[in-house]
Amino acid sequence: ALDEDGEIAFARNATSEEGDIPAMMRRTPLTFVDTALLLYLRQTLLRAAARGERAFIGMEEIIDHLSQYQAPGSTDRALVAKRARASVKRMKEFAILDKTGTQDRFEIMAILTLIVTPEIVDGLEAEYRRAVGASDVLTGLESEGAGGDAPPDDEDEDAMQDGEGDE
C-alpha cells in the first residue's frame, strides 16, 4: 500500500479471487487488549489528523481507556496497567507507536490508518457486537485467576522456560 501524500508505504500479502497465493508476510494474532488499544489509537490518530496535528498518547490515558473493559465490579488497575504495558510493547514492535522524549508518552504513527482500514474496523465492530451477548468472552482484564487472552509477559515466559510454569 502506498500513501504518497503521507509519504507512507508498506507491504501486505497479495490476495486473488482465482486461488490461494502463498503468504510472504507473517501474520500475528492480536489479543482483545491489543485490538481495543489499536482501535483507540486509530480513533485518536484520526481526531488529531482532522485538526492537522500529529497524534500523541500517554500510558495513563491508555490505561484509563482499557479500564472500561474490566469485568463489572473489578478494580484491579494493576492488572489493566500490566496488560496495557504489554500491548504498548507490541505496538512499538509493530511500529504503530514510537517513543518520544517523554517517558510513557508515544507518538501514534500515521501508517495505522493504512493498516486498520474502515473495512477492518467495521468487521471488528460486528464481531464484538456478536460477542457482547456471550457470557464466556474473556477480555484479558479479568482477575488473574479468571483466565484471559493476553499472552504471558516476559516474567511469565521466563518462568515457563525454566519449567516453573508447568503444572
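Guide: Let us begin with a term we will need: a residue is called buried when its relative accessible area is under 20%, exposed when it is over 50%, and partly exposed in between. With 39%, R85 is therefore partly exposed. Please keep in mind that this is a predicted model.

Visitor: What is the mean pLDDT of the protein?
Guide: pLDDT is the predictor's confidence in each residue, from 0 to 100. In this model, 64% of the residues reach 70 or more. The mean for the protein is 76.

Visitor: Which element has the lowest mean pLDDT?
Guide: Strand 3 has the highest mean, at 98. At the other end of the scale, the mean is 34 for residues 154–161. Those residues make up helix 6.

Visitor: Over residues 145–167 the pLDDT is below 50, so how many contacts does this stretch have in the model beyond near neighbours in sequence?
Guide: Contact here means heavy atoms within 4.5 Å. Leaving out near neighbours in sequence, the contacts of this stretch in the model come to 24.

Visitor: Which element gives the most residues to the largest nonpolar core?
Guide: That core has 27 residues, and L41, I57, L97, I108 and L112 have the most contacts inside it. Two or more residues come from each of helix 1, strand 3, helix 2, helix 3 and strand 5. The element that gives the most, with 9 residues, is helix 1.

Visitor: Which residues does I108 touch, not counting those up to four places away in sequence?
Guide: I108 is one of the core residues with the most contacts inside the core. Looking beyond four places in sequence, its partners are L41, T44, L45, A55, I57, I96 and L97.

Visitor: How far does helix 3 reach from its first C-alpha to its last?
Guide: Helix 3 covers residues 77–93, which is 17 residues. At 1.5 Å a residue, 24 Å is expected, and the model comes close to that. The reach is 24 Å.

Visitor: What covers the buried residues of helix 3?
Guide: Its buried residues include L79, V80, V88, R90 and M91. Among the elements that cover the buried residues of helix 3 are helix 1, helix 2, strand 4 and strand 5.

Visitor: Is H65 buried or exposed?
Guide: H65 is found in helix 2, and it touches A36 and Y40, setting aside residues up to four places away in sequence. Its relative accessibility is 16%, and the cut-off for the inside is under 20%, so H65 counts as buried.

Visitor: What kind of aromatic pair do F32 and Y69 form?
Guide: The count of aromatic pairs comes to 1. The ring centres of F32 and Y69 are 5.3 Å apart and the planes meet at 80°, which is over the 60 degrees needed, so the pair is edge-to-face.

Visitor: Which residue forms a salt bridge with D34?
Guide: The whole structure holds 6 salt bridges. In this one, the N to O distance is 2.8 Å, and the pair links helix 1 to helix 3 across 56 residues. D34 is buried, with a relative accessible area of 1%, and its partner, also buried at 16%, is R90.

Notes. Residues numbered from 1 in each chain as written. Predicted model: local features only at pLDDT ≥ 70, side-chain atom pairs only at ≥ 80, totals over all residues. Heavy atoms only, no water. Helix = DSSP H or I, 4+ residues; strand = E, 2+ residues; numbered from the N terminus. Expected span 1.5 Å × (residues − 1). Buried < 20%, exposed > 50% of the residue type's maximum accessible area, 1.4 Å probe, protein only. Core = buried A, V, L, I, M, F, W, Y, C linked by side-chain atoms within 4.5 Å. Phe/Tyr/Trp six-rings, centres within 6.5 Å; stacked < 30°, edge-to-face > 60°. Salt bridge = Lys/Arg side-chain N within 4 Å of Asp/Glu carboxyl O.
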